[in-house]
Amino acid sequence: MNGGLPVSLRPRPSRAVPAIICGLVLLAAGVVLVWAAISRLTLGQWPPFFTAVSDWLATLNWNSPGSWTAGVVLAVIGLVLLLTVLIPGKFHALPLRLNQVREVSGDSRAVMSRRAVARLAAATCEHMDGVASASATASDKEVHVSVYTPLHDTADLQHWVTDGVRSRLQATGLEPVPNITVSIRSGR
C-alpha cells in the first residue's frame, strides 16, 4: 500500500498558471543573459544595453525615493509569489456520505467532482416533464441549473426542478447538499 499514510481524495489545484508564468519569465531572463555572455565572449565587450543599465545603476543614490520604490515593488512581487505557493487553493471535489460497511475496516471516503455534480443535475432535469433541455454549473456551495422549456407558465416547473435536483443530490449522498438555483427560459 502507501505505508499507512492517508491519500487525499480532494486534491488541491496544482497552481500551474503561476508556475508557467514564473518559468517563462525566468527562461526569458536566462536567454537574455546567455545572449549577453556570448556577445561578451565574441566581441570582447558587453552589449550596449547592459552597460547602459550598469552605468545608470552606478549613478543611483541608494537612499533615493526611486530606489526605495523599486525595492518595495520587488519585495511585494516576491511576497505575492511566495504566498501563491504557500496558500492552498480551493478543493475541486465535494464529499459524499457513505454508509459504513461492516466488512470494510478503516476509514472510507468518497468524493464527487463539481463537473459530475453539474452533469447529474442537468441529467436529472432533462428527464422531467416540460423540460426541453438543461445545463448546469456547480461550485462547492451552489448548483445553478438553466432550463429551456416550451411551456408558457413556468412557476410550477421551477419548483419541480429545484425539488427534483435537491432530492437527487441528497440521494447521491452529497453532504452538505449545495444550494440549488434555477433559471428558466421559456420558448414563446
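Predicted model: local features only at pLDDT ≥ 70, side-chain atom pairs only at ≥ 80, totals over all residues.
What share of the 188 residues in the protein chain is buried? Okay, that's where I'd like to start today. Buried residues make up 19% of the chain.

Let's do the overall layout. The protein chain has 5 helices and 5 strands. Reading from the N terminus, the order is α-α-α-β-β-α-β-β-α-β.

In general, nonpolar side chains in soluble globular proteins tend to be buried together. Here, the largest nonpolar core has 22 residues, and the members that touch the most others are Val-145, Val-147, Val-161, Val-165 and Leu-169. Which elements give two or more residues to this core? Those are helix H4, 114–126, strand E3, 133–138, strand E4, 142–149, helix H5, 155–172, and strand E5, 179–186. Helix H4 gives the most, with 6 residues.

Setting aside its neighbours within four places in sequence, Val-147 is in contact with Cys-125, Val-131, Ser-133, Ala-134, Val-161, Val-182, Ser-183, Ile-184 and Arg-185. Cys-125, one of those partners, comes out at 0% relative accessibility, so it counts as buried. The other cysteine I want to mention is Cys-22, which is partly exposed, with a relative accessible area of 27%. And how many disulfides does the structure hold? The count is 0.

On to charges. As a general point, side chains of opposite charge can pair when their charged atoms come close. A search of the whole structure turns up 3 salt bridges, and I'll go through them one by one.

Glu-175 pairs with Arg-97, with 3.3 Å between the closest N and O atoms. This pair ties together distant parts of the chain, 78 residues apart: Glu-175 is in the loop between H5 and E5, and Arg-97 is in the loop between strand E1, 93–96, and strand E2, 110–113. Are these two buried or partly exposed? Glu-175 has 44% relative accessibility, so it counts as partly exposed, and Arg-97 is partly exposed too, at 41%.

Next up, Asp-140 and Arg-114, whose side chains meet at 4.0 Å, N to O. Again the link is between distant parts of the chain, with Asp-140 in the loop between E3 and E4 and Arg-114 in helix H4, 26 residues apart. Asp-140 is partly exposed at 28% relative accessible area, and Arg-114 is partly exposed at 22%.

Asp-163 is partly exposed at 48%, and Arg-166 is partly exposed at 29%.

Now over to helix H3. Ser-67 is found in this helix, which covers residues 65–86. Its relative accessibility is 14%, so Ser-67 counts as buried. What does Ser-67 contact, leaving aside neighbours within four places in sequence? The partners are Leu-60, Asn-61 and Trp-62.

There's also a nonpolar patch on the surface, made of Leu-79, Leu-82, Leu-83, Val-85, Leu-86 and Ile-87, and together they have about 600 Å² of accessible area. Leu-82 lies in helix H3, and it is partly exposed, with a relative accessible area of 48%.

Last stop: Gly-130, in the loop between H4 and E3. Gly-130 has 25% relative accessibility, so it counts as partly exposed. Not counting residues up to four places away in sequence, Gly-130 touches Tyr-148, Thr-149, Pro-150, Leu-151 and Leu-157. For Gly-130 and Leu-157, which are 27 residues apart along the chain, the C-alpha atoms are separated by 7.4 Å.

That's my tour, thanks everyone.

Technical notes:
Residues numbered from 1 in each chain as written. Heavy atoms only, no water. Helix = DSSP H or I, 4+ residues; strand = E, 2+ residues; numbered from the N terminus. Buried < 20%, exposed > 50% of the residue type's maximum accessible area, 1.4 Å probe, protein only. Contact = heavy atoms within 4.5 Å. Core = buried A, V, L, I, M, F, W, Y, C linked by side-chain atoms within 4.5 Å. Patch = residues over 30% accessible without salt bridge, like charges linked within 9 Å, V, L, I, M, F, W, Y side chains within 5 Å. Areas by Shrake-Rupley, 256 points an atom, 1.4 Å probe, with all protein chains shown as cover. Disulfide = S-S within 2.5 Å.
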